[in-house]
Amino acid sequence: MSQDAWKQQLAAAIRRVEDLPSDLLVSLGGAQALQRVADEYPMMIPRRYLERIDPSNPHDPIARMVLPDPRELEVDPVCQVDPLGEDGYEVVAGLIHHYRDRVLLLVTTRCASYCRFCTRKRLAGRGWGQLTERQLDVVVSYLEQHGEIREVILSGGDPLVLSDQVLDHILGRIQSVPSVRMVRVGTRMPAVLPARITDGLAGLLARHRPLFVVTHFDHPRELGAEARRALELLVAAGLAVVNQTVLLAGVNDDVGVLAELFCGLQELMVRPYYLHQCDLTQGTGHFRVPLRQGIELMGQLRQRVGGLCVPQYVVDLPGGRGKVPVALQHVASMGLSGSVLLDPEGRPVPYPL
Ligand SMILES: *Cc1c(COP(=O)(O)O)cnc(C)c1O
Ligand code: SF4
């Protein structure tokens, strides 16, 4: 495939509700209601990703992730526009410094596809666009003045909407800071626009090692032939690849679906890293899975598949209180003479100090 095919695919992605296939529109109840949603929260769907939708299934999981839903406009009192309080940790434009040794750098607010459940719905597709050279200067001097920052996580938006040349430049500037030892690039491209993963890009990222690529797959049906090829390319280039998934009602809130997704990733040598509880973002309430159900799903998953297929289930606490793991508790009690642990079936096992 040509190194630039992704640019054409990105330009040809569907952005207007009226351009959706008519069979799909009919099953969604017409264009008008959906366009009102898309006016508020932009829609964008690459055509090849759209082909993964089964239009005869009104509950298609892929459709649910990318097609506007009138429920996005309902105001949910437990949800917030900026649920993680990120704006309060934005130390200079685009840079979120919440944890001592690592920062998020939002390099763009654009993506190849807008996930309806996005935590940064306030920005995705409607924010400021792309970090300017002037803003990058300010970011780099912040990094230089904060030697405690050893890891920079490129995020957005999707950093891989930027051209190879721009990415190379940004990575080079960040890595010119001696205290920055590690870079992560978060991207949903391998799932939604796998043509973006070219030999050229994989080589470019590999030249900036140590670098982790953090992909975002939510459903096993996203692991088609092209997505597999994209992941294989990254791994073959010598990059470490890990994946994050968001737990989504009606998409992957099922142990069989999660097992198929995580084992499929593991077979491609992509390590499932986090399963995120869906954040309390305004406009995404219909995606939330109760915490108790999420914990039970993780317990079932651990029984069914090997540990390398099991990500850590995390909740990013509202109001910027931080990311914490949640799990079934296997410590029944802890005393001065020993503890009582629980086996996988929940039966107590005494354990010495
Ligand atoms: C999640 C997150 C990170 C990365 O956390 P890890 O647990 O190291 O993956 C860094 N900064 C912010 C603001 C985050 O939300
Ligand atoms: S790709 Fe990431 S940043 Fe973009 S809409 Fe989806 S979840 Fe949000």
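Let's start at strand S12 (residues 339-342), which is joined to S13 by 4 bridges, the two running antiparallel. Strands here are DSSP runs of E with at least two residues, numbered from the N terminus, and two strands pair if DSSP finds at least two bridges between them. Within this pairing, valine 340 stands opposite proline 350 in S13. The model is a predicted one, in which local features need pLDDT of at least 70, side-chain atom pairs count only at pLDDT 80 or more, and totals for chains, interfaces and linings use all residues. Residues are numbered from 1 along each chain as its sequence is written, ligands are numbered from 1 in the order in which they are written, and side-chain values use heavy atoms, with hydrogens and water left out.

Stepping back, S12 belongs to an open sheet of 3 strands in the order S11-S12-S13, with antiparallel pairing. Strand S11 (331-334) and strand S13 (348-351) stand at the edges with a single partner strand each, so one side of each has no neighbour in the sheet. From one strand to the next the twist averages 20°, taken between axes that are lines fitted to C-alpha atoms, with angles running from 0 to 180 degrees between N-to-C directions.

On a 1 Å grid over the protein atoms alone, a pocket is an open set of points with protein on both sides within 12 Å along at least five of seven lines, while a cavity is a set where a 1.4 Å probe fits but cannot get out; lining residues have an atom within 4 Å of a point. The largest pocket has a volume of about 1100 Å³, a volume being the space filled by probe spheres set on the points, which are joined across faces, edges and corners. It is lined by 44 residues, and those closest to its centre are Leu104, Arg120, Ser155, Gln244 and His276. Among the elements giving two or more residues to this lining are strand S2 (95-99) and strand S7 (240-247), while S8 gives the most, with 4 residues.

What takes up the space of the largest pocket? Ligand 2 does. The residues around ligand 2 are Cys111, Ser113, Tyr114, Cys115, Cys118, Gly157, Arg188 and His216, each with a heavy atom within 4 Å of it.

Finally, there is 1 cavity of 30 Å³ or more. The largest cavity has a volume of about 60 Å³, and its lining consists of Tyr41, Pro42, Tyr114, Cys115, Arg116, Cys118, Lys121 and Ala124.

Technical notes. Sits in = over half its atoms within 2 Å of the grid points.
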